[in-house]
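Have the structure open as you read.

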Amino acid sequence: MNILVTGGAGFIGSNFCFYENEKHKDNRIICIDKLTYAGNLSTLKPLMDEPGFKFIKADICDRDTINEIFEKERPDIVVNFAAESHVDRSIEDPSVFLSTNITGTSVLMDASCKYGVKRFHQISTDEVYGDLPPDRPDLFFTEETPLHTSSPYSSSKAGADLLVMAYARTYDLPVSISRCSNNYGPYHFPEKLIPLMIINAMNDKPLPVYGKGENIRDWLYVEDHCKAVDMIIHSNIYGEVYNVGGHNEMKNIDIVKLICKELDKPESLITFVKDRKGHDLRYAIDPSKIQKDLGWKPETRFEEGIKKTIKWYKENKSWWEPIISGEYMDYYEKMYGNRR
Ligand code: NAD
Ligand code: DAU
């Protein structure tokens, strides 16, 4: 079977390529990625010499190139991880979020229809549901929760989800969608909360917590997300949405304090900075549908996953040190310089 993975040089896409390559040795993975600031080819180095793995640098918005790739590689399954993924960047400039996340998804689906792809799986996010009140711990996002987005990022992801369901109904494209909560683990780009705090703490730099740090996220170890996607794409269920999450809600401030503790750094590094515009208060997934239909359940407890993640960042400075120079420093200055 030929599996085309888009965005495979990013955080979750690369972890998925590793997972899939290990689990299904007979399958071929064709990984395409534009290699934006968030894509890192060095991440995929361990796979480059694998006979069942091929990397192609390509933009999912480039229709001619995408059609050529489909014509040549004939994918059976397409898994679309490629996206602009950072909420703060979407608040600064929404435009590229609309082209990659919406137009790019439609270009891939047009090619999937043309070349008779057997499944198009869209990697979506719990952010499409908006947020939940922090004082209602009884409420969770289910697959029936209405889409109600807050940021240009989440709106672009919701737009893509609507298109996916429209292609299923209008063109009979066999589709599935997964909406996962916040992932953490190896190869996470250090603009996101957990890797940013680990790296800043390791370097004795301020830890910029937005607002009061009271916002709640529902964290899942990246391998558990990969396992969920693997189970969905190899099932015989089509046209369904699956929420993916491990009931692991935590306040941002508690995560940052935990990172300080694990790294033996003082909490005095924590700096409260100006809040994110439109900041979602709480995410919390009800994963009962994927548990019931596919038997998925998370395997890595947060206490274990965060230790593994911190260890990984300590042992893989050669991965992140080149990232946090040059362009990244310009970004950091722009986003955090006047946030105090
Ligand atoms: P990421 O930013 O680390 O990686 C995105 C990858 O997509 C990068 O390698 C980038 O080069 C590539 N890309 C961007 N634009 C492209 C284009 N036009 N053509 C081809 N490739 C392009 O993101 P991530 O955190 O790995 O997220 C992957 C997917 O999972 C996204 O769709 C995101 O919305 C979704 N998601 C992420 C999380 C999370 O916690 N990180 C949770 C739920 C869902
Ligand atoms: O829920 C799934 C989503 O999780 C994915 O769809 C997104 O692609 C992914 O980036 C992530 O979005 P968040 O906005 O939740 O993640 P982020 O790591 O940017 O922020 C997590 C929380 O930490 C959020 O409440 C904002 C806060 N934060 C973030 C940064 C970068 C800080 O307090 N300080 C920071 O410097």
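## Charged pairs

Let's start with D138, which is partly exposed at a relative accessible area of 48%. This is a predicted model, and in it the D138 side chain forms a salt bridge with R136, 2.6 Å from N to O. R136 is partly exposed too, at 37% relative accessibility.

How many salt bridges turn up across the whole structure? The search finds 23. Another of them pairs the side chains of E191 and K192, at 3.8 Å from N to O. Here both E191 and K192 are buried.

## A link between two loops

D204 and K265 also meet through their side chains, with 3.0 Å between N and O. D204 sits in the loop between α6 and β8 (207-210), while K265 belongs to the loop between α8 and β13 (270-273), so this pair ties together parts 61 residues apart in sequence. As for accessibility, D204 is partly exposed with 49% relative accessible area, and K265 is partly exposed at 23%.

## Helix α10

Now for α10, which runs over residues 302-315. Its 14 residues reach 20 Å from first C-alpha to last, close to the 20 Å expected at 1.5 Å a residue.

Which residues of α10 are buried? They are F302, G305, I306, T309, I310, W312 and Y313. These cover an arc of only 155° around the axis, so they lie on the same side of α10. The buried residues pack against several elements, including α6 (193-202), α8 (252-263) and α11 (317-320), along with strands such as β12 (249-251).

Definitions and conventions
Residues are numbered from 1 along each chain as its sequence is written. Chains are lettered from A and ligands numbered from 1 in the order in which they are written. This is a predicted model: local features need pLDDT of at least 70, side-chain atom pairs count only at pLDDT 80 or more; totals for chains, interfaces and linings use all residues. Side-chain values use heavy atoms; hydrogens and water are left out. Helices (H or I, at least four residues) and strands (E, at least two) are DSSP runs, numbered from the N terminus. The expected span of a helix is 1.5 Å times one less than its number of residues. Buried means under 20% relative accessible area, exposed over 50%, partly exposed in between (1.4 Å probe, protein chains only). The arc is that of the directions from the helix axis to the C-beta atoms. Contact means heavy atoms within 4.5 Å. A salt bridge is a side-chain nitrogen of Lys or Arg within 4 Å of a carboxyl oxygen of Asp or Glu.
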